[in-house]
Amino acid sequence: MWSREKRLLTVALLVAGVALGVGLEALADPLEEQNLAWLVLLVGLLVFGGAVGHWASRRFEQSGEIDERFQEIERRASRWSHGALTVGVGLLALVLLVSWVEVPVAALLWALLVGSVAVHELSVEYYSRRM
Amino acid sequence: MDNELKVWRAKRDVTQGELADDLDVSRQTVNAIERGRYDPSLELAFELADYFDCAIEDIFEHEGGED
């Protein structure tokens, strides 16, 4: 399983990614009216994130840390986080459809996204201790 | 599923880390198998049998087997 150092490295990469995104947004602000620039930035960020993720995954695979047990833990954790996200989005959609209550949709969607990541991490921790 | 992996490992005098390195899995996985917390895939079970030059049944025993 992941060592504490690698978890810290992952969190550091995540924070760096967010910082990069915020920085790029600030830089690109003058270009806000040009949608193409935004699109290029977005694609660039996605490609960068994908490349870093792929590189990290390959390194962990080569070190033998991503093995079949790890993949099984990830599979089970993904099932929980996916389920939580689906139920959350479903409930939100239900509320929007059948109720007249005004809800902050964007904030709730962000909360669901963060919540599903938290569920995933907690599940990984739980199954790592059980298996 | 019960297993005798720890016994086989002791016979060969290899550590969990060495076995894990040779099989390209993590040491935690070897530990989890030995403690019966994780049942390996058929592929890994075959690799373990090959490693110790024995049959899979010599290492692993299905609970309630021999029915």
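How many of the 67 residues of chain B count as buried, as a percentage? The figure is 27%, where buried means that 20 or more other C-beta atoms, placed from the backbone, lie within 10 Å of the residue's own.

Before you click on, note that this is a predicted model: local features need pLDDT of at least 70, side-chain atom pairs count only at pLDDT 80 or more, and totals for chains, interfaces and linings use all residues. Residues are numbered from 1 along each chain as its sequence is written, while chains are lettered from A and ligands numbered from 1 in the order in which they are written.

**Stop 1: chain B.** Colour chain B by secondary structure and you'll find five helices and two strands, running β-α-α-α-α-α-β along the sequence. Helices here are DSSP runs of H or I with at least four residues, strands are runs of E with at least two, and both are numbered from the N terminus.

**Stop 2: chain A.** Switch to chain A, which has four helices and zero strands. Buried residues make up 8% of its 131 residues.

**Stop 3: α3 against α4.** Select residues 68-98 and 105-130 of chain A, helices α3 and α4; their axes come within 8 Å and cross at roughly 155°. Those axes are lines fitted to C-alpha atoms over the stretch in contact, with angles from 0 to 180 degrees between N-to-C directions. The two helices, α3(A) and α4(A), are therefore roughly antiparallel, a label for angles over 145 degrees. Show side chains at the contact: I73(A), W80(A) and L92(A) are among those from α3(A), and L108(A), V119(A) and Y127(A) are among those from α4(A).

**Stop 4: α4 by itself.** Pick the end C-alpha atoms of α4(A): they are 37 Å apart, which agrees with the 38 Å that its 26 residues should span at 1.5 Å a residue. That expected span is 1.5 Å times one less than the number of residues. Now highlight S116(A), V124(A) and Y127(A), the buried residues of α4(A); what covers them includes α3 of chain A.

**Stop 5: where the chains meet.** Finally, show both chains: nine residues from chain A and twelve from chain B make the contact. On the chain A side, α3(A) gives the most, with three residues.

Methods. Angles under 35 degrees count as roughly parallel, over 145 as roughly antiparallel, 65 to 115 as roughly perpendicular and the rest as oblique. Two residues are in contact if their C-beta atoms, placed from the backbone, lie within 7 Å. A residue is buried if 20 or more other C-beta atoms lie within 10 Å of its own, exposed if 12 or fewer, and partly exposed in between; C-beta atoms are placed from the backbone.
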